[in-house]
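Subject: Handing over the two-chain model

Hi,

Here is the structure I promised to pass on.

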Amino acid sequence: MTSPNLTSLQHQFADWEQVQEYYLAANLTDGLPIVPPTETRVQAMLEYSGLAPDQVIGFESIRQKQITAEKVAINAVMAGCRPEYFPVVTSAISACCEPVFNLHASSTSTNGVTVMVLVSGEYAQEIGMNSSTGLMGPSNHANASIGRAVNLVKTNFYGSVPQEMDNSTFGHPGKYTFCFAENLEAGIWPSLAMDKGFDNHSSTVTAVAAYSPLQVSVFGGKDPDAFLLGIAHAMIGLGPSISEVFVALSPEVMKYVDDAGWSRRQVQEFLWEKARLPAKEWISWRRVEHPDRFPDKDQLVGCVADPDRITVFAAGGAAGVYVDVIGSWGNSRPVTRKIEVRS
Amino acid sequence: MTNLENKLITLDPRDESDHGPAVRAPRPHTLDGKTLGLLSNNKPHSEELLQMIAENIKKIYDIKDTVEYNKGSHQWPANPEALKEFADKCDVAIHATAE
């Protein structure tokens with residue numbers, strides 16, 4: 001049985017509890033209850049964005065997966081999204097389907113990798129996203145449900161089910177949800193959307209195949225060339241030659257950087273330079289998969305290949321002098337998409 | 001909630017497109033006289049693992065020849081042209097991962 005316009009298989013249940021039991025038993029949840037994806041709710045999601053059910057949101061070429069708006073909407077409803085969140089979800093899914101993102105490998109790896117959804121621009125505020133205190137934690141509906149929707153598409157539609165296609169040794173807490181917004185008020189530089197080449201009226205979503213965030217405390221000084229060295233050492237923990245690093249500065253740390261007159265570029269170049277070590281050091285720590293690729297063992301090898309691969313932005317609450325360092329897995333490149341909202 | 005005769009009707013979130021059943025390549029009755037392909041994914045020790053397997057197979061079967069191909073990265077699919085060239089050279093192939 002199908003619905004008019006919607007072509008997905010339908011299921012009938014006597015009540016809410018039966019829905020939960022079925023979707024849980026069929027491994028179609030993240031282990032938590034879902035919002036029943038009724039036709040009415042799915043249609044509302046599609047109508048908000050003006051998308052036809054068969055509109056292709058993305059095509060992932062390795063597994064030959066054509067992801068339609070209808071399937072994204074079903075998973076977004078299940079995740080608890082409101083219709084106004086849907087443009088962020090579809091943009092994130094579209095970004096994940098770019099070949100450079102390498103969704104297939106990042107979804108199957110023994111590494112602990114999830115899709116981090118980083119939103120920049122005014123649309124985040126319009127839909128009530130949290131960019132301030134506790135932004136990477138629970139309680140904000142938009143952050144929680146958007147990130148969850150992306151993960152449900154990945155498991156339910158794409159097939160990246162833990163212990164099946166997803167062979168992550170430890171998993172990743174962000175496989176439930178990992179979505180937050182840039183703190184525009186605390187930022188001293190152009191927004192990430194503008195930094196990625198979009199105009200100042202655009203809001204964007206950046207999808208990152210992300211490792212777990214590593215929080216670093218800053219104590220006893222406001223001098224960037226001292227505390228950023230500590231951040232560079234944290235980057236070294238991620239290993240050599242990872243694809244990119246995202247560095248979230250709390251508002252107070254951002255103020256230190258601003259007071260010292262450092263530009264975004266200076267921070268990027270400083271971190272890149274200080275997060276380099278001779279190849280022999282990395283090799284001795286057993287952090288290099290193919291040591292023979294470094295015939296010169298004294299060659300300096302960076303956490304990332306160049307400063308452009310370090311994204312620095314403001315995030316988090318006013319209280320606290322912290323920096324969060326988030327690595328991007330393997331050879332997956334983060335992808336930024338404009339959030340298209342129907343006017 | 002959508003109710004039809006007191007039923008709650010929901011939609012399925014899975015990919016329902018029909019790609020057809022996966023078809024296995026025909027299996028030879030014996031490896032005697034066959035060319036054995038060894039396809040490495042470039043994981044550390046994957047080539048050594050493949051060589052060990054090949055040596056053991058050679059103890060059982062009269063392998064005509066072995067062909068090796070390293071696809072260069074375990075994170076990306078093999079180059080289609082290079083993979084076809086490899087496939088054309090062998091009758092059977094073993095793909096390995098290792099660490």
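Let me start with how chain B holds together: among its contacts between residues at least 6 apart in sequence, 77% join residues at least 24 apart. Two residues count as in contact if their C-beta atoms, placed from the backbone, lie within 7 Å.

Before the rest, some housekeeping. Please keep in mind that this is a predicted model, in which local features need pLDDT of at least 70 and side-chain atom pairs count only at pLDDT 80 or more, while totals for chains, interfaces and linings use all residues. Residues are numbered from 1 along each chain as its sequence is written, and chains are lettered from A and ligands numbered from 1 in the order in which they are written.

**Chain B**

Chain B has two helices and five strands, arranged along the sequence as β-β-β-α-β-α-β. Helices (H or I, at least four residues) and strands (E, at least two) are DSSP runs, numbered from the N terminus. The radius of gyration of chain B is 21 Å, whereas a compact globule of 99 residues would have one near 13 Å. That radius is taken over C-alpha atoms, and the globule rule is 2.2 Å times the number of residues to the power 0.38. Along the principal axes, the C-alpha atoms of chain B fill a box of roughly 70 × 30 × 25 Å. Of its 99 residues, 14% are buried. Here a residue is buried if 20 or more other C-beta atoms lie within 10 Å of its own, exposed if 12 or fewer, and partly exposed in between, with C-beta atoms placed from the backbone.

Three strands of chain B make an open, parallel sheet in the order β4-β3-β5. Strands β4 (65-70) and β5 (92-96) of chain B are at the edges with a single partner strand each, so one side of each has no neighbour in the sheet. From one strand to the next, the twist averages 20°. Strand β3 (residues 35-40) of chain B is joined to β4(B) by six bridges, and B:Ser40 stands opposite B:Asn70. Two strands pair if DSSP finds at least two bridges between them. Helix α1 (residues 46-60) of chain B lies across β3, β4 and β5 of that chain, at about 160° to β3(B). Axes are lines fitted to C-alpha atoms, for helices over the stretch in contact, and angles run from 0 to 180 degrees between N-to-C directions.

**Where the chains meet**

The contact takes 34 residues from chain A and 17 from chain B. Strand β1 (residues 10-13) of chain A pairs with strand β2 (residues 7-11) of chain B in the antiparallel sense, over four bridges; A:Gln10 has B:Leu11 as its bridge partner.

**Chain A**

Chain A holds 12 helices and 13 strands. Its radius of gyration is 21 Å, close to the 20 Å that the globule rule gives for 343 residues, so chain A is as compact as a globular protein of that length. Buried residues make up 49% of chain A.

Which helix is largely enclosed by the rest of the structure? Helix α4 (residues 86-96) of chain A is, because 11 of its 11 residues are buried. The axes of helix α2 (residues 39-49) of chain A and α4(A) come within 9 Å and cross at roughly 80°. In that contact, A:Met45, A:Tyr48 and A:Ser49 of α2(A) meet A:Phe86, A:Pro87 and A:Thr90 of α4(A).

Enjoy exploring!
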